[in-house]
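This briefing covers side-chain links within one protein chain.

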Amino acid sequence: MKETKALLLAAGLGTRLKPLTDIWPKCLMPIQDRPLLEYWLGILQKSDISSTLVNTHYLSECVEEFLEQPQFTGWVNSVYESELLGTAGTIRENVDFFQDSTMMLAHADNWTCCDFSDFLHYHHNQRPKGTVITMMTFICPNPSSCGIVELDGNDIVVGFHEKVDSPPGNRANAAVYLIEPEVVKWIENNPEITDFSTEVLPQFMGKISVWENKNVHRDIGTIKMLKEAQMDKCDNPPWTEGSSWQQGFLSNPIHQLIGG
């Protein structure tokens, strides 16, 4: 299988989660006493992702201290953005990291739990001929509140419907993608482009396949949704608890704020 590297977007401000994000970054919010970003990294390690880049900005020192744990040494790197570059801007700034590899792009402040190995297998072995992006989708219970994708008979995206009344279906964009080098090259050659979802995806209409996450995908951008995520069933990250960072995390007041 072609080498795949990951870019986890973890730099956001998490403004909808205030006051929680006044003291703690959204990407490290606890899900059943483990930080969200640790779940992402656990999924990637089990899926044979060769290396991972995490971008940081807001409360970056907290994220970078988390990434300094020994289990991430050698395969997880971070890159600090003094000013947010936008999703496409971050890709363009780090093209050398990905070179000719397939890139997995994900908003790591969303809560996702699924069979990533199958996601990768589909992209590398089963996606329709001519497609260069595989988009993870999920069934949205309230389609008018989500970005819904319109598909043709081959499960190729032919339209996007962003939070509209009566969209044509309930398959929503999970903002997790597997991307071939020609897409990265296009972003590199168009320096005015900053946003992946609104500026890059439309350029590749008809070349985007979809894979459905049938387990868990949840926007934890509000305190209500973050609390609901605590009840989701997902395998714990593969690393044993007990590090000094983990002990400090368990005593962090963020747990009481979420439970309150």
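**Cysteines and salt bridges**

The sulfur of Cys-114 lies 6.9 Å from the closest cysteine sulfur, that of Cys-113, which is too far for a bond. The model is predicted. A search of the whole structure finds one disulfide, and the salt bridges number nine.

**The disulfide**

- Cys-113 and Cys-234 are joined by a disulfide, with an S to S distance of 2.1 Å.
- The pair ties together parts that are 121 residues apart in sequence, because Cys-113 lies in strand S7 and Cys-234 in the loop between H8 and H9.
- The torsion about the S-S bond of Cys-113 and Cys-234 is about 95 degrees, so this disulfide is right-handed.
- Cys-113 is buried at a relative accessible area of 7%, and Cys-234 is buried as well, at 18%.

**Cysteines too far from a partner**

- Cys-114 has a relative accessibility of 14% and therefore counts as buried.
- For Cys-62, the closest cysteine sulfur belongs to Cys-27 and is 9.0 Å away, too far for a bond.
- Cys-62 also counts as buried, with 16% relative accessibility.

**Salt bridge between Asp-109 and Lys-26**

- The closest N and O atoms of Asp-109 and Lys-26 are 3.9 Å apart, and the two residues form a salt bridge; the pair counts because the cut-off is 4 Å.
- This pair links distant parts of the chain, 83 residues apart: Asp-109 sits in the loop between strand S6 (102-107) and strand S7 (111-113), and Lys-26 in the loop between strand S1 (4-9) and strand S2 (30-31).
- Asp-109 is buried, its relative accessible area being 16%, and Lys-26 is buried at 8% relative accessibility.

**Salt bridge between Arg-34 and Glu-38**

- Arg-34 and Glu-38 form a salt bridge in which the closest N and O atoms are 3.2 Å apart.
- Arg-34 has a relative accessible area of 3% and is buried; Glu-38 is likewise buried, with 3% relative accessibility.

- A salt bridge with an N to O distance of 3.0 Å connects the side chains of Arg-218 and Asp-232.
- Arg-218 belongs to strand S13 (residues 216-218), while Asp-232 lies in the loop between helix H8 (223-229) and helix H9 (244-250); the pair links distant parts of the chain, 14 residues apart.
- Arg-218 counts as buried at 17% relative accessibility, and Asp-232 counts as buried at 12%.

Notes: Residues are numbered from 1 along each chain as its sequence is written. This is a predicted model: local features need pLDDT of at least 70, side-chain atom pairs count only at pLDDT 80 or more; totals for chains, interfaces and linings use all residues. Side-chain values use heavy atoms; hydrogens and water are left out. Helices (H or I, at least four residues) and strands (E, at least two) are DSSP runs, numbered from the N terminus. Buried means under 20% relative accessible area, exposed over 50%, partly exposed in between (1.4 Å probe, protein chains only). A disulfide is a pair of cysteine sulfur atoms within 2.5 Å.
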